[in-house]
Amino acid sequence: MPSSQSVRSRTRDRNNVLTRPEFMSLNQPLRGGSGGGGGGPTESRAGARRPGPGPGSGPGPVKHQTSQSGEEPAEGKDRMPEEDCMQLNPSFRGIAINSLLAIDISLSKRMGVCAHTTSSWGGCRSMVSLLELTGHGITWIIGTIVCLTRSNTLAGQEVLVNLLLALLLDVMTVAGLQRLVKRRGPWEMAPGFLDFVAMDTYSFPAAHASRAAMVAKFLLSHLVLAVPLRILLVLWAFLVGLSRVLLGKHHLTDMACGFALGLLHFSLMENVWLSSGTCQTLISIGTFSWSPFS
């Protein structure tokens, strides 16, 4: 007949919740804890045998713990490097910039209605391309040189020489920025022959928009024009920048930054404006008629 002490110990073990299978893991040592590299498969199997006999104890928990210890190396093996993991808490600035870029790309693609002949406005592609040509750098540089050769006044030659230098500055600056940023257009269209000549091979910033804004501001400041002509000149500059977006070659932000860059070029040329005597010297050098001893 069992003694009263053994009966009380069995009752106490039966009422102990830690001996139940669902709470068996609480009795096990922590993995990777201090104390001689605990948490290995041997310790987990040893810990599974610690609880005394009870109604809930059995081979089930031991098998469960063994399977967990066997899966531990697989988890460590399949663990992804930290740099490959997705960033779950990006900064507010990063979210805002990525959202604006996504909106810019989406709107630019929707506005590229003349990107191909099969587009919604594909029939107007030739007219929009002609408007684009009026703001090309090669067109304006050749036109300015032709006008300079036919100008007979010192004031006209002064304005044309400074305009020619402003055009060269615009072409070189935009080409350098495009090479630095290397942003592709919304439709990633291959640049044409004239674009390769003018080094206008990337999207940001828009070279046509920069050139149109600079030329329009330059002519408005140095030519006496009637009010309708001034309005038409501003409208022309805006349509030239917009034509590149309609053709699918630039984003809206490229066009906006191009306009700002063109106005910056105009302000820079106003600060370094060449006088009439300096312009005559440059013309003499360019026509090989300069004589330094005259």
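Visitor: Why does Ser 243 count as buried?
Guide: First, a reminder that this is a predicted model. The term buried is kept for residues under 20% relative accessible area. Ser 243 has 2% relative accessibility, so it counts as buried.

Visitor: Where is Ser 243 placed, and what is it in contact with?
Guide: Ser 243 belongs to helix α10. If you set aside its neighbours within four places in sequence, Ser 243 is in contact with Val 128, Leu 131 and Glu 132.

Visitor: How do you know that the span of helix α11 agrees with what it should be?
Guide: Helix α11 covers residues 252–271, which is 20 residues. The expected span is 1.5 Å times one less than the number of residues, so α11 should span 28 Å. Its end C-alpha atoms are 29 Å apart, which agrees.

Visitor: Which residues of α11 are buried, and what covers them?
Guide: Buried in α11 are Asp 254, Met 255, Gly 258, Phe 259, Leu 261, Gly 262, His 265, Phe 266 and Met 269. What covers them includes α7 (154–181), α9 (207–222) and α10 (227–246). As background, an α-helix has 3.6 residues a turn, so residues three or four places apart point the same way.

Visitor: What makes up the largest nonpolar core?
Guide: A core of this kind is a set of buried nonpolar residues joined through side-chain atoms within 4.5 Å. The largest has 20 residues, and Leu 167, Met 214, Leu 233 and Trp 236 have the most contacts inside it. Two or more residues come from each of α7, α9, α10 and α11, with α9 giving the most, seven residues. Another core, of 12 residues, lies apart from it and has Leu 242, Leu 246, Leu 247 and Met 255 among its members.

Visitor: What does Leu 233 touch?
Guide: Not counting residues up to four places away in sequence, Leu 233 touches Ala 216, Leu 219, Leu 220 and Leu 225.

Visitor: How many residues line the largest pocket, and how do they divide?
Guide: The lining has 13 residues, with Leu 148, Val 161, Leu 282, Ile 283 and Gly 286 nearest the centre. α6 (137–150), α7 and α12 (276–286) each give two or more residues to this lining. The lining divides into eight nonpolar, five polar and no charged residues. The volume of this pocket is about 280 Å³.

Terms used
Residues numbered from 1 in each chain as written. Predicted model: local features only at pLDDT ≥ 70, side-chain atom pairs only at ≥ 80, totals over all residues. Heavy atoms only, no water. Helix = DSSP H or I, 4+ residues; strand = E, 2+ residues; numbered from the N terminus. Buried < 20%, exposed > 50% of the residue type's maximum accessible area, 1.4 Å probe, protein only. Contact = heavy atoms within 4.5 Å. 1 Å grid on protein atoms, 1.4 Å probe; cavity = no way out; pocket = protein on both sides within 12 Å on 5 of 7 lines; lining within 4 Å. Points joined across faces, edges and corners; volume = space filled by probe spheres on them. Nonpolar A, V, L, I, M, F, W, Y, C, P; charged D, E, K, R; others polar.
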